[in-house]
Every structure is written in structure tokens, then in C-alpha cells.
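Let's take a friendly walk through this fold, strand by strand and then on to a helix. Have the viewer open as you read.

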Amino acid sequence: MRKTVTITYPTDPATVATMLADPAFQRGRVARLGLDGLGVDVAARGEGLVVTVSGTVPADRLPSAARRLVRGPLSLTLTESWGEPGAGGRREGRVSAEVGGAPVRLAATGSMRSDDGARTTVVLDLSLDVTVPLVGRALEDRAMGYVDTVVTDEQERAAAWLAAH
């Protein structure tokens, strides 16, 4: 299943990149997942960056539909990378998720750009595949329905971070 997601930040791309490179910001992004053993690694790649967030989701914290399909905790690794800035601060990026213990694949490609220097727009082309016979499509629909909530949370969390920095 595919979906295009747009996130708007009220600042320039360089500041968005600084925010994304902040481990505390990254921890806040995934706090709602309740990951055990949360690890955040931020690595500079020239003027680009790679963020890796990892941890384990206990089975009792999974949605009931997912709990029926897995027997134990799921290991989760989220990787977000943004290349070096180009003209006007434009960057190309990728997001992926590896879910150990579940037949789930999440990947996205995206761009970060600013038309006016005061706002940054991130557009992600998201692809989610749940390879479970009969119920995979329903699980994809449910997960994609949650994406708008995640975008709203991201924009609110970014506004709070920007106000504090």
C-alpha cells in the first residue's frame, strides 16, 4: 500500500536538519511506541545525516489485531537518512523500518525543500507491505490510517522543539 505524506515545519531546511539530528528530538518522536531498550544513533555524513532508532516492542503493547499474529516482542529499527543540502537547502532522503518477528516492510523516499526560506516541506512517498494472507491488506489500511496522527504529532513536536531552541 502506498501513500504520499506531507509534513510542514515552520523554519528553514538547515534548522530542520539540526532538529532531526538531535537525539532528544528523536527519542520524543518514538516515545508513543513504548520501546524497551531504546537506542538512538545520529551520524553525520558530510552535511547529511543518518538517524537510527531501535528498540523492542513488547507483545502486550501491540494493537490487538497484531497481537494475534505474533507470539513475542518485536524488534524495531527505524532508519532515516537525509543527503547533503543542494540549491535552496533541498535534500533527498529515505526512511525505512525493519520489524524483526513480523512480516512487515516499510520504506519511503522523500524530499525536503523550502520555497520561501521560512517554511520547510517534507514530502514522503511511503510504501507499507504486510505479507499476511487474508488480513495483510486490512492491517495496512489500519496502519496507514494512523499516519495522519503521526504527521500531526510530528508537526506539534517540531513546533515545541523550535520554540525551545
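Two strands count as paired if DSSP finds at least two bridges between them. Strands themselves are DSSP runs of E with at least two residues, and helices are runs of H or I with at least four, both numbered from the N terminus. This is a predicted model, in which local features need pLDDT of at least 70, side-chain atom pairs count only at pLDDT 80 or more, and totals for chains, interfaces and linings use all residues. Residues are numbered from 1 along each chain as its sequence is written, and side-chain values use heavy atoms, with hydrogens and water left out.

Start at strand β6 (residues 104-113), which runs antiparallel to β7 and is joined to β7 by 10 bridges. Six residues separate β6 and β7 in a hairpin, and G117 in the turn has a positive phi of about 80 degrees. Strand β1 (residues 2-9) also pairs with β7 in the antiparallel sense, over eight bridges. V123 of β7 has S111 opposite and T6 as a bridge partner.

Buried means under 20% relative accessible area, exposed over 50%, and partly exposed in between, using a 1.4 Å probe and protein chains only. Eight of the 11 residues of β7 are buried, so β7 is largely enclosed by the rest of the structure. S127 lies in this strand (residues 120-130) and is buried, at 16% relative accessible area. With contact meaning heavy atoms within 4.5 Å, S127 touches M1, R2, R105, L106 and A107, not counting residues up to four places away in sequence.

Now turn to helix α4 (residues 136-145), where G136, L139, E140 and M144 are buried. They are on the same side of α4 because they cover an arc of only 130 degrees around the axis, the arc being that of the directions from the helix axis to the C-beta atoms. On the other side of α4, R142 and G145 are exposed.
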